[in-house]
Amino acid sequence: MKMIVDNRRSPIPTDVVTDCPVDPEDPPRTQPDPEVLTATGDLLRALAAPVRISIVLELMHSELCVHQLVDALGVTQPLVSQHLRVLKSAGVVRGERNGREIVYRLVDDHLAHIVVDAVAHATERPGA
């Protein structure tokens, strides 16, 4: 895998950025459309809660139903359900009925990479 090196950040795998309209090697000359920026902000806001970050991290490994997430995260069922609704409406997760339960999974791996990178960045900060 070819890597793009930016002296300010860790290397970025090129396969992650090939579909991105923003080239990390060039300073931005033009910004993405306002609609794209709005959608990006909405997505980041949907991910901006510790419980939702934990849900994404759990769903990276396997699809789970609500009671499995409750057990894994140690929070209440209503709280997990509330956060799943936010993630579902943002297009981060989708649920599929399996008998009496709904099994949740990530819509795609890009979202997991965003969360993993954010967690890695937070652990690299001085004082973290």
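What follows is a walk through this structure, from its overall layout to a few individual residues. Keep in mind that this is a predicted model.

Start with the big picture. The protein has 6 helices and 5 strands. If you read along the sequence, those elements come in the order β-β-α-α-α-β-α-α-β-β-α. There are 128 residues in the protein, and buried ones make up 26% of them. As for how the chain folds back on itself, take the contacts with a separation of 6 or more: 42% of these come from residues 24 or more positions apart.

Now head for the inside. The largest nonpolar core has 19 residues, and the ones that touch the most other members are Leu59, Leu84, Val92 and Val93. Several elements give two or more residues to this core: α3 (50-61), α4 (66-73), α5 (77-89), β5 (101-106) and α6 (109-124). Which element gives the most? That is α3, with 4 residues.

Two packed helices are described by the angle between their axes and the distance between the axes.

Begin with α6. Here the angle to α3 is about 120°, and the axes lie 10 Å apart. That angle makes α3 oblique to α6, and the crossing is left-handed. On the α3 side, the contact is made by Ile53, Val56, Leu57 and Met60, while α6 brings Leu111, Ala112, Val115, Val116 and Val119. What kinds of residues are these? The contact of α3 with α6 has 9 nonpolar residues, no polar ones and no charged ones.

Next comes α4. It packs with α3 at an angle of about 110°, with the two axes 11 Å apart. In this case α3 counts as roughly perpendicular to α4, because angles of 65 to 115 degrees fall in that class. The crossing of α3 and α4 is right-handed. To find the contact, look for Val51, Ser54, Ile55, Glu58 and Leu59 in α3, which meet Leu69, Ala72 and Leu73 in α4. This time the residues divide into 6 nonpolar, 1 polar and 1 charged.

The last stop on this tour of α3 is α5. The angle between α3 and α5 is about 80°, and their axes are 10 Å apart. That makes α3 roughly perpendicular to α5. From α3, the residues involved are Val51, Arg52, Ile55 and Val56; from α5, they are Leu79, Val80, His83, Leu84, Val86 and Leu87. Sorted by class, the contact of α3 with α5 holds 8 nonpolar residues, 1 polar and 1 charged.

Take histidine 83, which sits in helix α5. Is histidine 83 buried or exposed? Its relative accessibility is 11%, so it counts as buried, the cut-off being under 20%. Leaving out residues up to four places away in sequence, histidine 83 touches Ala49, Val51, Arg52 and Ile55.

Further along helix α5 you'll find leucine 87. Its relative accessible area is 0%, so leucine 87 is buried. Apart from its neighbours within four places in sequence, leucine 87 is in contact with Ala46, Leu47, Arg52, Ile55, Val56, Val92 and Val93. How far is leucine 87 from leucine 43, C-alpha to C-alpha? The two are 8.8 Å apart in space, though 44 residues separate them in sequence.

Setting aside neighbours within four places in sequence, its contacts are Leu43, Leu47, Val56, Leu87, Arg105, Leu106, Val107 and Leu111.

Finally, go back to α3 and pick out methionine 60, which lies in that helix. At 34% relative accessibility, methionine 60 counts as partly exposed. Beyond its neighbours within four places in sequence, methionine 60 is in contact with Leu106, Ala112 and Val116. Its C-alpha atom is also separated by 7.7 Å from that of aspartate 109, a residue 49 places apart from it along the chain.

Notes. Residues are numbered from 1 along each chain as its sequence is written. This is a predicted model: local features need pLDDT of at least 70, side-chain atom pairs count only at pLDDT 80 or more; totals for chains, interfaces and linings use all residues. Side-chain values use heavy atoms; hydrogens and water are left out. A nonpolar core is a set of buried Ala, Val, Leu, Ile, Met, Phe, Trp, Tyr and Cys residues joined through side-chain atoms within 4.5 Å. Buried means under 20% relative accessible area, exposed over 50%, partly exposed in between (1.4 Å probe, protein chains only). Contact means heavy atoms within 4.5 Å. Axes are lines fitted to C-alpha atoms, for helices over the stretch in contact, and angles run from 0 to 180 degrees between N-to-C directions. Angles under 35 degrees count as roughly parallel, over 145 as roughly antiparallel, 65 to 115 as roughly perpendicular and the rest as oblique. A crossing is left-handed if the near helix is turned anticlockwise from the far one by less than a right angle, and right-handed if clockwise. Ala, Val, Leu, Ile, Met, Phe, Trp, Tyr, Cys and Pro count as nonpolar, Asp, Glu, Lys and Arg as charged, and the others, Gly among them, as polar.
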